[in-house]
Amino acid sequence: MAAIVDPDEDLVRRVGQGDPAAIQALVARKLPRMLALAQRMLGDATEAEDVAQDALMRAWKQAPRWQPGKAKFDTWLHRVGLNLCYDRLRRRREVPTQTPPDRPDPGPAPDRGLLVSELGDRVNRALAALPERQREAIVLCHYQELGNIEAAGVMSVSVEALESLLSRGRRTLRQTLSDLAPGAEP
C-alpha cells in the first residue's frame with residue numbers, strides 16, 4: 001500500500017512542537033473550511049463557530065501524537081468536524097422546549113434586490129432537508145471540494161456508497177428546486 005502524501009504533515013509536526021507560527025498557519029488554513037462545513041451542516045453561524053473552534057482545539061491537542069502516513073490530517077479534521085456537528089444535531093432532537101423556536105418568515109423578502117440571498121437560503125433549506133448522510137456527501141464533495149475517495153474515507157463508506165448518496169441527494173435537490181430551472185415558471 002502506497003504511503004499517503006499529506007500536504008499538512010510538516011505543519012502538524014510543527015504545531016505538535018508548539019511552534020506559534022505553525023499554530024497560526026494551521027488556524028488560517030483550516031478555520032474557513034471548518035466554518036463552512038459546520039455552517040452547512042448545522043445552519044447556524046454561532047454553532048458553526050463553536051464547532052470549528054472545538055475541531056481546531058482538538059487538532060492542536062492531537063498534533064503531538066499525530067502519526068503521518070495513516071490518513072491525511074485534513075481527512076481526520078473533517079471527520080472530527082462532522083462528528084461535532086452530529087453531536088449538536090442529536091442534542092437538538094433530544095431537547096424538548098416549552099415554546100416552539102422562532103421561525104423565519106417564509107414569505108418573500110421586502111427588498112427584491114435580495115433575490116440572490118433568497119435563492120441561497122432556498123438552496124440551503126433544500127440541502128438541510130436532505131437525509132443527513134446525503135447532505136454530508138454533498139457538503140464534503142461540492143462545498144468542501146473533497147474528492148470522492150477522500151470524502152468516502154471521511155464518511156467511512158466505500159466510494160460506490162458515496163456515489164450512491166451523492167446521486168440520491170442530487171436527484172432530491174433537483175426535484176426540490178425544479179422550479180428554478182431555466183424556463184420554469186416562478
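So, H78: leaving aside neighbours within four places in sequence, it is in contact (heavy atoms within 4.5 Å) with R33, M34, L37, L140, Q144, L146 and V154. H78 lies in helix α4, and helices here are DSSP runs of H or I with at least four residues, numbered from the N terminus. Is H78 buried or exposed? Buried, with a relative accessible area of 0%; buried means under 20%, exposed over 50%, and partly exposed in between, using a 1.4 Å probe and protein chains only.

Quick word on what you're looking at. This is a predicted model, where local features need pLDDT of at least 70 and side-chain atom pairs count only at pLDDT 80 or more, while totals for chains, interfaces and linings use all residues. Residues are numbered from 1 along each chain as its sequence is written, and side-chain values use heavy atoms, with hydrogens and water left out.

Now L140, one of the residues H78 touches. Skipping residues up to four places away in sequence, L140 touches L37, H78, L82, E145, L146, A151, V154 and M155. L140 also turns up in the largest nonpolar core, which has 44 residues. By nonpolar core I mean a set of buried Ala, Val, Leu, Ile, Met, Phe, Trp, Tyr and Cys residues joined through side-chain atoms within 4.5 Å. Those with the most contacts inside it are L37, M41, F73, L77, L140 and L162. Which helix gives this core its largest share? That's α4, with eight residues.

E145 is exposed, at 64% relative accessible area. S156, in the loop between α7 and α8 (159-176), also isn't a glycine and has a positive phi of about 60°. S156 counts as exposed, at 63% relative accessibility.

Last stop, the start of the chain. The axes of α1 (residues 9-16) and α2 (residues 20-42) come within 8 Å and cross at roughly 130°. Those axes are lines fitted to C-alpha atoms over the stretch in contact, with angles from 0 to 180 degrees between N-to-C directions. The pair is therefore oblique; under 35 degrees would be roughly parallel, over 145 roughly antiparallel, 65 to 115 roughly perpendicular, and the rest is oblique. The contact is made by L11, R14 and V15 of α1 and A21, A22, I23, A25, L26 and R29 of α2.

Terms used:
Helix = DSSP H or I, 4+ residues; strand = E, 2+ residues; numbered from the N terminus.
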